[in-house]
Amino acid sequence: MLETNQTIIKHKLGLLNLAEELGNVSKACKIMGLSRDTFYRYKDAVDAGGVEALFDKTRRKPNFKNRVDEAIEDAVVAYAIEQPAHGQVRVSNELRKRGTFVSPSGVRSIWIRHDLHNFKLRLRALEAQVAETGAVLTEAQVVALERKREDDVASGEIETAHPGYLGSQDTFYVGTLKGVGRIYQQTFVDTYSKVASAKLYTTKTPITAADLLNDKVLPLFEEHGLPMLRILTDRGTEYCGRPEQHDYQLYLAVNDIEHTKTKARSPQTNGICERFHRTILQEFYQVAFRKTVFENIDQLQKELDIWIDFYNTQRTHQGKMCCGRTPLETLIDGKTAWLKKQLG
């Protein structure tokens with residue numbers, strides 16, 4: 001727009017300068033392809049207001065006649081934080097009870113102007129206000145925040161403070177190996193650093209689920225001096241059962257690890273493992289089975305260990321915590337930050 005205005009001004013000044021050089025307005029206008037009336041209009045504008053008067057002035061004026069009063073706008077914004085779960089129609093109805101009249105579409109317009117046009121954005125505004133003012137939440141606000149937390153978990157957005165704070169474990173069916181039978185993979189992913197461990201079995205039982213933790217996961221975290229506080233699993237029989245008779249439950253209890261189960265009929269709740277399974281299928285198994293004919297599970301496990309080491313130490317990760325680092329780098333950096341916080 002600025003370049004266009006400058007070009008127009010140069011053209012207008014060109015006409016005025018040419019007329020002055022030639023000493024003949026009619027001739028200058030003929031060369032420039034403009035009328036004498038146009039010349040005198042430009043000349044009068046420059047004489048009255050200088051070169052700036054040659055800028056084209058927009059005739060459009062902002063129309064605020066449909067904008068609601070400031071008091072109504074403030075009331076809608078305040079109500080959005082007070083009751084973030086309410087939709088625009090209910091907000092309109094509830095505010096009418098309080099003597100504030102605004103249509104549902106008016107509520108929507110105000111939300112858009114203030115970045116409050118969906119439930120998550122209104123909850124974010126509520127969290128920001130609580131963090132800033134330390135206000136006490138109402139029961140409805142607490143319910144709304146709990147609902148957001150459950151939705152975040154269901155979407156794979158899990159609250160995690162440091163490596164070892166929460167691990168995610170799941171079973172992945174690899175396929176059938178000739179002469180061996182069905183192959184299952186027990187998978188563990190640290191939700192903070194995305195460091196992964198995996199081991200292959202011919203069955204999926206509580207013993208195999210506990211064996212992965214005992215053989216690969218806990219030794220790794222002990223090596224880095226990190227505690228394993230909690231593990232998230234689905235409700236499969238290899239993870240859930242009567243605590244006093246279930247090998248996996250007993251193993252967690254002996255090692256003082258809290259067990260969290262996913263929401264029923266919501267496999268996406270364990271989304272971190274699900275995403276890792278897609279990665280390992282595409283980047284390891286689909287390639288490995290086309291390059292090698294595996295004769296036994298140990299041979300496949302050896303190749304799997306090599307790939308897992310590559311995944312943890314060389315393959316960069318674009319996740320929320322990793323931000324382009326490898327999972328192991330994220331684990332080490334997270335451990336350093338956690339230790340500093342512990343020391344105060």
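I begin with the rule for pairing, under which two strands pair if DSSP finds at least two bridges between them. I also note that helices (H or I, at least four residues) and strands (E, at least two) are DSSP runs, numbered from the N terminus.

This is a predicted model, in which local features need pLDDT of at least 70, side-chain atom pairs count only at pLDDT 80 or more, and totals for chains, interfaces and linings use all residues. Residues are numbered from 1 along each chain as its sequence is written, and side-chain values use heavy atoms, with hydrogens and water left out.

Entry on the sheet. I looked up strand 1 (residues 167-177) and found that 10 bridges join it to strand 2 (residues 181-190), the two running antiparallel. I traced Asp170 to its bridge partner in strand 2, Thr187. The open sheet has five strands in the order 3-2-1-4-5, with mixed pairing. Strand 3 (196-201) and strand 5 (258-261) are the edge strands, each pairing on one side only.

Entry on the helices. For angles, I keep in mind that they run from 0 to 180 degrees between N-to-C directions, and that axes are lines fitted to C-alpha atoms, for helices over the stretch in contact. I found helix 12 (residues 297-313) lying across strand 1, strand 2 and strand 3, at about 175° to strand 3. Helix 9 (residues 206-223) packs with helix 10 (residues 247-254) at an angle of about 35°, their axes being 7 Å apart. In their contact (heavy atoms within 4.5 Å), I noted Leu213 and Leu218 among the residues of helix 9, and Tyr248 and Tyr251 among those of helix 10.
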